[in-house]
Amino acid sequence: MKKVSVSSLLAQKQKGKKITALTAYDASFAKLFDEAGIDVLLVGDSLGMVLQGEDSTLPVTIEQMAYHTKCATKGVQNAFVMADMPFMSYATPAQAYENAALLMAAGAQMVKLEGGEWLLDTIEGLVQRSVPVCGHLGLTPQAVNVIGGFKVQGREEAKAQKLVDDAIALEKAGVQLLVLECVPTSLGKKVTEQLSIPVIGIGAGAHTDGQILVMHDMFGISANYMPKFSKNYLTDSGDIRNAVKQYKEDVISGVFPSSEHSFE
C-alpha cells in the first residue's frame, strides 16, 4: 500500500472509488485501522463523548486533541490523518494559526474546522501558511447549543441552498476535503456533485465520495446512544478486525449506508 495523501483522495473521487474513514484516538486502534486499509483516520473531538463521557464535544481542549493526535499517528503507516480543531480554538484567525500548528506538530496532516462563510478568511490564512484544511458542514456538533440539539440539517429549501453555497465557498477558500454530517440524502448528493473536492459523509446518504463513522459506534460500544446513521459491525462479525473489513467492503460496494442509515 502507498501512503494516502490529499492527491490520492482526490484521485479516488475522480475515479468514483469510495473513500473509507474512521475516527481513532490511540496508537493501537489507529494501527488496526491502518492495516485494514482504511483511507482516512480522524482524531475527532468526539473523544469528549466516547472517551471522556461528556454530553457534547465542547469541553475538549486543544491540548487533549494534540495528545491524542500524537498517540494515534504513532500507529499509522499509510492512512491519511486529520485532527479536529476543538470548540473555540479557531475563534480568530490568529488563534487558529497557533492551535493548528500544535496539531500539525503532533502529526496531523490536515485540520478540520466546523462552519461555513464566517471561516473563509481563517481558511485562506491557514492554507497560505501550509496547513491543509477539511471543512465540516451540516450538523456541526460544536454548535449544538445554537442548533438546539443533534438534529438533521438542511431539510428546508433555504437552509439547503445556504449549505450548498457554504460548501462552494469553502472549496474556493482552499478546503481540500469536506465532512458532511446529518443531511438528507438528496442534499448530500447535490453537494458532492457541486464540489470537485472529496465529500465524506456521516448520515449524508450513499452518494457522497466516502463515509466516516465514529469507531465506538461502529463497534456498538458508545456510552450514550447509537445514531441512526451508524451501524454496529461487531454484532455480525464477532471480531474487531472482521468488523473493520466488512465496513470497508460495504462502503466501497455501496451497501453502506442504506436507506435505513440515511435521512430523507
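Buried means under 20% relative accessible area, exposed over 50%, and partly exposed in between (1.4 Å probe, protein chains only). Keep that in mind for this predicted model, where local features need pLDDT of at least 70, side-chain atom pairs count only at pLDDT 80 or more, and totals for chains, interfaces and linings use all residues. Residues are numbered from 1 along each chain as its sequence is written, and side-chain values use heavy atoms, with hydrogens and water left out.

The tour follows salt bridges (a side-chain nitrogen of Lys or Arg within 4 Å of a carboxyl oxygen of Asp or Glu). The structure has six.

**Stop 1.** Select D209 and K13. They form a salt bridge, with the closest N and O atoms 2.7 Å apart. D209 sits in the loop between β7 (199–202) and β8 (210–213) and K13 in helix α1 (residues 6–15), so the pair ties together parts 196 residues apart in sequence. Helices (H or I, at least four residues) and strands (E, at least two) are DSSP runs, numbered from the N terminus. Both D209 and K13 are buried.

**Stop 2.** Select K112 and D84. Their side chains meet in a salt bridge, 2.7 Å from N to O. K112 belongs to strand β4 (residues 110–114) and D84 to strand β3 (residues 80–84), so this pair ties together parts 28 residues apart in sequence. K112 and D84 are buried.

**Stop 3.** Select D250 and K231. The closest N and O atoms of this salt bridge are 3.9 Å apart. D250 is in helix α12 (residues 240–253), and K231 is in the loop between α10 (215–218) and α11 (234–237), 19 residues apart. Now check accessibility. D250 counts as buried at 7% relative accessibility. K231 is partly exposed, at 25% relative accessible area.
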